[in-house]
Amino acid sequence: MSNPFFETWTTPFGAPPFDAISTADFKPAYSEALAIHRGEVSAIATQPGVPNFDNTIIAMELSGQALRRVDAVFSQLASANTNDELQAVERDMAPLVARHWNAIFLDPALFARIDALFQQRASLGLTPEALRVLERYHLDFVRAGAKLSADERLRFAAIVEQLAVLGTQFGQNVLGDEQSTAFGLTEAEVDGLPDFARAAASETARDRKLNAPYAVTPSRSSVEPVLHFATNRAVREKVWRAFVKRGANGNAFDNTKTIAEIVALRTELAQLLGYETYAHFKLADSMAGNPAAARDLLDAVWQPGVRRAGEDRDALQKLAAEEGADITLEAWDWRYYAEKLRLARYDFDENELKPYFELGKVVDAAFYTANRLFGVSFVPRPDIPGYHPDVQVWTVERQDKTIGVFYGDFFARAGKRSGAWMTSFREQSKLGGEVLPLVVNTCNFNKPPAGEPALLSLDEARTVFHEFGHGLHGLLSNVTYPRISGTSVVRDFVELPSQLYEHWLEQPPVLERLTHYKTGAAIPSDLLERMKAARKAGKGFETVEFTASALLDLDYHSGSGGDVATVEGTTLARIGMPREIVLRHASTHFLHIFAGDGYAGGYYSYLWSEVLDADGFGAFTDAGDPFDTATADRLYKYIYSAGGSRDYSEAYRLFRGRDPQINGLLEQRGFATPAV
């Protein structure tokens with residue numbers, strides 16, 4: 001039986017032929033691809049010749065192409081366009097793929113070759129990039145258990161396999177809770193919601209086939225408008241409770257026991273490798289280096305953040321009383337009264353910006369920014385298939401040649417997990433010829449009714465720029481080896497290109513392009529001034545909900561155990577969490593740290609990268625031009641195109657001319673201490 005994954009893809013640039021791929025293709029494709037990769041790696045490990053860089057490291061880099069092809073496509077579909085059949089495949093494949101990689105990393109003969117090269121690395125005459133790849137390979141294997149005894153390797157492999165199963169289960173449970181719950185709402189219950197939110201809620205009711213004019217689900221994109229604008233307090237509370245209880249409802253999707261198992265297994269894994277805790281293990285390969293450094297940064301913003309949040313809480317309580325609401329402020333009230341407070345303090349209603357933030361124009365503004373900074377342009381390619389009708393595709397051009405393909409998947413839908421992310425169907429490299437990256441940005445904006453524009457909030461527009469910053473990190477990659485391509489960097493560096501890119505959204509040349517979707521008029525100057533004045537409104541709330549989540553992550557992975565009620569309760573009591581604010585990600589739906597290990601022990605990374613991005617954009621401020629050519633050239637050379645080809649602190653210094661300073665972050669959040 002033919003399988004599209006083992007046929008030549010005749011689509012432009014060898015892009016995945018989604019119209020030819022079916023769910024039934026994945027299991028046999030995985031089976032064949034895993035077998036091919038096993039054979040390739042076995043040939044490397046058992047070859048009689050003395051190990052050298054070509055017959056070991058380059059051979060490893062060129063192996064597994066069939067598996068990467070299958071895995072990249074499947075992983076995105078399982079996250080962005082899944083169904084019961086795909087989820088069943090995901091559950092079946094998770095332990096098999098983990099077992100496959102365990103066999104590679106724990107192969108003594110293969111590691112002996114890599115270790116021999118590593119020990120003599122100084123005498124091999126390697127280029128700096130090749131040396132970096134060798135060092136990363138050696139570290140990858142050591143961190144994956146290659147130096148353990150035979151008995152320890154068996155236990156290590158079992159742990160990794162079980163963690164893969166549990167991570168898959170965790171993510172599917174969160175999606176299951178979101179998909180199985182929907183609240184039908186009446187006209188009276190959506191009082192206060194702006195037109196865009198009503199339209200989205202109406203669309204949700206139709207999609208869910210509810211006998212109600214409006215509906216919301218517990219997913220963030222559906223909940224936020226209700227919490228910000230619904231005048232009915234009981235509706236806000238009902239929706240908020242469903243939102244924060246995802247994965248903790250005592251049903252088939254409850255993640256409480258899953259978390260306990262994950263934390264226990266991670267602790268055991270770290271100790272097998274000789275680390276005190278899982279956080280020590282994860283941060284040993286990071287810019288921070290250890291949990292203490294991460295905590296120091298979080299502590300530096302926690303106190304000013306909680307102080308600012310306390311001031312805002314008092315102002316919100318006072319405002320509610322002035323409006324005649326005989327209430328004690330609760331978490332489901334905060335966003336609602338914060339909108340009113342911002343309007344009262346700054347005469348700024350964010351909804352006034354929405355007509356200027358039409359999705360297509362925001363995407364075009366992100367493209368314009370990339371063109372000004374890096375000389376890239378984007379050409380729509382409707383002939384390149386997407387995996388869903390909502391997906392748009394562009395080719396990316398630079399210096400008169402195509403350097404990649406960019407996919408944009410912007411709207412929420414059933415079968416798509418919450419959040420926003422960047423991934424790749426193929427990563428850039430130059431081994432065996434030029435390999436162009438195929439990069440995907442995925443978001444979850446509410447889809448408007450047919451014929452209506454998708455109007456974004458300021459925060460959603462920032463999300464477009466944020467994810468596109470990640471996308472550029474993959475698209476602009478210009479390295480030889482796949483191992484260090486694009487976003488293959490440590491977690492607390494990977495957010496630098498994305499968070500840095502957000503700064504350009506509010507630069508005048510970019511804002512000038514965001515014209516009214518009906519009239520074509522520019523954003524009025526007085527509205528821009530009010531927007532800038534309100535920029536730091538709510539920073540106390542944002543800082544508290546994020547920092548508390550980051551500290552909770554560190555506590556889970558620093559020996560506090562995995563009992564959700566105990567760890568959450570202890571952490572929040574220790575830091576003095578304000579009663580009216582909750583974690584940005586409660587444990588049972590904290591996908592970043594439990595649906596896989598990507599940000600486990602490393603959720604602080606967003607704040608670490610904010611130090612870099614706030615300080616880094618200062619280079620353009622110092623130059624007096626947000627598109628200063630010399631600064632942009634350094635940014636391209638040392639950050640966006642360099643992947644993981646050099647030490648990350650060195651890369652930042654080469655761009656900025658010095659180490660990062662925290663002042664920019666404190667100023668950005670409104671916490672800077674005025675000069676005396």
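Where is Gln399 found? Select Gln399: the loop between strand E4 (392–398) and strand E5 (401–411) holds this residue. Helices (H or I, at least four residues) and strands (E, at least two) are DSSP runs, numbered from the N terminus.

Before moving on, note that this is a predicted model, where local features need pLDDT of at least 70, side-chain atom pairs count only at pLDDT 80 or more, and totals for chains, interfaces and linings use all residues. Residues are numbered from 1 along each chain as its sequence is written, and side-chain values use heavy atoms, leaving out hydrogens and water.

Stay on Gln399. Its phi is positive, near 50°, and it is not a glycine. Most residues other than glycine have a negative phi. Gln399 counts as exposed because its relative accessibility is 64%. The cut-offs: buried is under 20% relative accessible area, exposed is over 50%, and partly exposed is in between (1.4 Å probe, protein chains only).

Next, select Phe13, in the segment before helix H1 (26–46). Phe13 also has a positive phi, about 65°. At 30% relative accessibility, Phe13 is partly exposed.

Now select helix H8, residues 195–207. Its buried residues include Ala197, Arg198 and Glu203. The buried residues of H8 pack against strand E2 (214–216) and helix H9 (220–229). Step past H8 to Lys209, where phi is positive, near 55°.

Last stop: Gly433, in the loop between strand E6 (421–426) and strand E7 (438–445). Gly433 is partly exposed, at 34% relative accessibility.

Technical notes: The expected span of a helix is 1.5 Å times one less than its number of residues. Contact means heavy atoms within 4.5 Å.
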